[in-house]
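Dear colleague,

Please find below the structure that I am handing over to you, with its sequence. My notes on it follow directly after.

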Amino acid sequence: MADPKGFLTTPREGAHRRPVEERLRDWNEVYPGEGIGTSLLPIISKQAGRCMDCGIPFCHQGCPLGNLIPEWNDLVWRDDWRAAIERLHATNNFPEFTGRLCPAPCETACVLAIDESISGGSVTIKNVEVSIIDRAWAQGWVTPQPPEWLTGQRVAVVGSGPAGLAAAQQLTRAGHTVAVYERADKVGGLLRYGIPEFKMEKRVVDRRLDQMSREGTIFRSGVNVGVDVTGQDLRARYDAVVLAMGSTIPRDLPMPGRELGGIHQAMEYLPQANRAAHGEEVPGQITAHGKNVVIIGGGDTGADCLGTAHRQGAANVVQLEIMPQPTEMRPLHQPWPTYPMLFRVSSAHEEGGERKYAVSTTEFLGDDQGNVRALRLVEVRFENGRFEPVPNTEVEIPAELVLLAMGFVGPERGGLLEQLEVELDERGNIKRDTSYMTNVEGVFVAGDAGRGQSLIVWAIAEGRACAAGVDAWLREGQTSLPAPIKPTDRPLVV
């Protein structure tokens, strides 16, 4: 293990963010200097030394990638960063993405999280991870790994989010010729247009895409598969097809007044803001400037909208959540090592705005021009398996911009899915077998399109596992690629 008394002598310390008043004036990452990994270097070795190298490392249970967490913690503590990045890349294609964006279920499964009053809290696993990869990039240790020979077989990957990119990189390195199709004008999926710059600067995505291009992966952006290229075209041109288009149908809120102007889905709003932050012209851009903004949905996407609205100069921002406010300590009914629902404060929440819990929207109210001017809310409590309104608690709050950030309900129907004739499950996701193959021979699915809305770490794990399934099918049962999870695996929850 690293430091035998590390967790007793070293308190838990995370990354320090830039002052709020400074970071609200730009779109850069909220951490100082060259980014989070660099800013952590003065403290991260001692933080890695807090790892106990448990006989049964439950952090592995929390991480679907099977990251070798105690091993690279020990290597960082010993200042062997080159070996640490080799261990990290052995299980994770894109630790710079997970180190910035993953909510770190590995940390809540850390043995030091059993009783934080004694241990001081879990190891800052996510921070160690991003420090390793950012240092590796800075030292030039991340280089292309092209295959030694080509198999002569071709694979199409539809979608360039984390699942699609992970599958593509694994299959390229296995020797297949891989083309990634993306309907947006640039590659990256939600990593590029859904994640705000202040959470992850797009240079982080671009440097990884450059590595993949140098390895031989082909990227075809601006191609709407199902329209510009049909499913039949893909099956004729390629030996296998991987569907990794994500879960993109947003959950709506069909309340009275939903048709009013100024009510938008989060994924209408965030991509426009990302484009504008990079200096692109966005005609008719949805902006929060000078407006009362209400965000419906208390998750990560809602927080992304919150930070974006602050940077656009919103007059006021309120974020609504139908669930009651979580506690700051782990609830008894969510025991370790499950991932608990806790009251968490993201960088966006530090920057201002108000959070309202246990409320439900009953109506959107409009002005004379047909635009939203307010929301009517009611407090709710969970009774008999449903949320019931609390009598005499109705209020109105002003809103000139309403953003719906309530999650997603599956991949887009019609088009490509109809052309390929793939079957859907009862939740509207694409069915697959234990090898990630759909009911159509040679057509596979990875990520949220098959799993449903999930975390980035699960998407990367699915991409890696799906690549193993594709490779085995193309090689008639043989593959050397790792398969970290099965399609049926789920996080450990209560």
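Where is the place of Pro337? Pro337 sits in the loop that runs between strand S7 (316-321) and helix H17 (347-350), where helices (H or I, at least four residues) and strands (E, at least two) are DSSP runs numbered from the N terminus. The peptide bond that joins Trp336 to Pro337 is cis, with omega at about 10°.

Before the remaining findings, a word on the basis of the values. The model is predicted, so local features need pLDDT of at least 70 and side-chain atom pairs count only at pLDDT 80 or more, while totals for chains, interfaces and linings use all residues. Residues are numbered from 1 along each chain as its sequence is written, and side-chain values use heavy atoms, with hydrogens and water left out.

Backbone geometry

Most residues other than glycine have a negative phi, and most peptide bonds are trans. Glu421, which is not a glycine, has a positive phi near 60°. Tyr436, likewise a residue other than glycine, has a positive phi near 75°. Glu421 is found in the loop between helix H18 (416-420) and strand S14 (443-445), and the loop between H18 and S14 is also the place of Tyr436.

Are Glu421 and Tyr436 buried or exposed? Glu421 is exposed, at 60% relative accessible area, whereas Tyr436 is buried, at 1%. Here buried means under 20% relative accessible area, exposed over 50%, and partly exposed in between, with a 1.4 Å probe and protein chains only.

Cysteines

How many disulfides does the structure hold? The number is 0, a disulfide being a pair of cysteine sulfur atoms within 2.5 Å. For Cys102, the closest cysteine sulfur belongs to Cys106 and lies 6.3 Å away, which is too far for a bond. Cys110 is in no disulfide either, and the nearest cysteine sulfur to its own, that of Cys54, is 6.4 Å away. Cys102 is buried, at 7% relative accessibility, and Cys110 is buried with a relative accessible area of 9%.

The largest nonpolar core

A nonpolar core is a set of buried Ala, Val, Leu, Ile, Met, Phe, Trp, Tyr and Cys residues joined through side-chain atoms within 4.5 Å. The largest such core has 78 residues, and Ile132, Val242 and Val470 touch the most other members. H20 gives the largest share of this core, 12 residues. At least three residues come from each of domain 1 (5-139) and domain 2 (154-248 + 409-475); these bounds come from an automatic or database domain assignment.

The second largest pocket

The second largest pocket holds about 220 Å³ of space. Its lining consists of 13 residues, and those closest to its centre are Gln145, Gln170, Arg173, Ala174 and Leu481. Helix H11 (162-173) and helix H20 (456-474) are the elements that give two or more residues to this lining. By class, the lining has 3 nonpolar, 6 polar and 4 charged residues.

The terms used for the pocket are as follows. On a 1 Å grid over the protein atoms alone, a pocket is an open set of points where a 1.4 Å probe fits, with protein on both sides within 12 Å along at least five of seven lines, and lining residues have an atom within 4 Å of a point. Grid points are joined across faces, edges and corners, and the volume is the space filled by probe spheres set on the points. Ala, Val, Leu, Ile, Met, Phe, Trp, Tyr, Cys and Pro count as nonpolar, Asp, Glu, Lys and Arg as charged, and the others, Gly among them, as polar.

Selected distances

Thr479, in the segment after H20, is partly exposed at 36% relative accessibility. Its C-alpha atom is 6.4 Å from that of Ala468, 11 residues apart along the chain. Ala399 lies in the loop between strand S12 (395-398) and strand S13 (401-404) and is buried at 0% relative accessibility. Ala399 and Val317 are 82 residues apart along the chain, with 8.9 Å between their C-alpha atoms. Val20 lies in helix H2 (residues 20-23). From Val20 to Ser435, 415 residues apart in sequence, the C-alpha to C-alpha separation is 47 Å.

With kind regards
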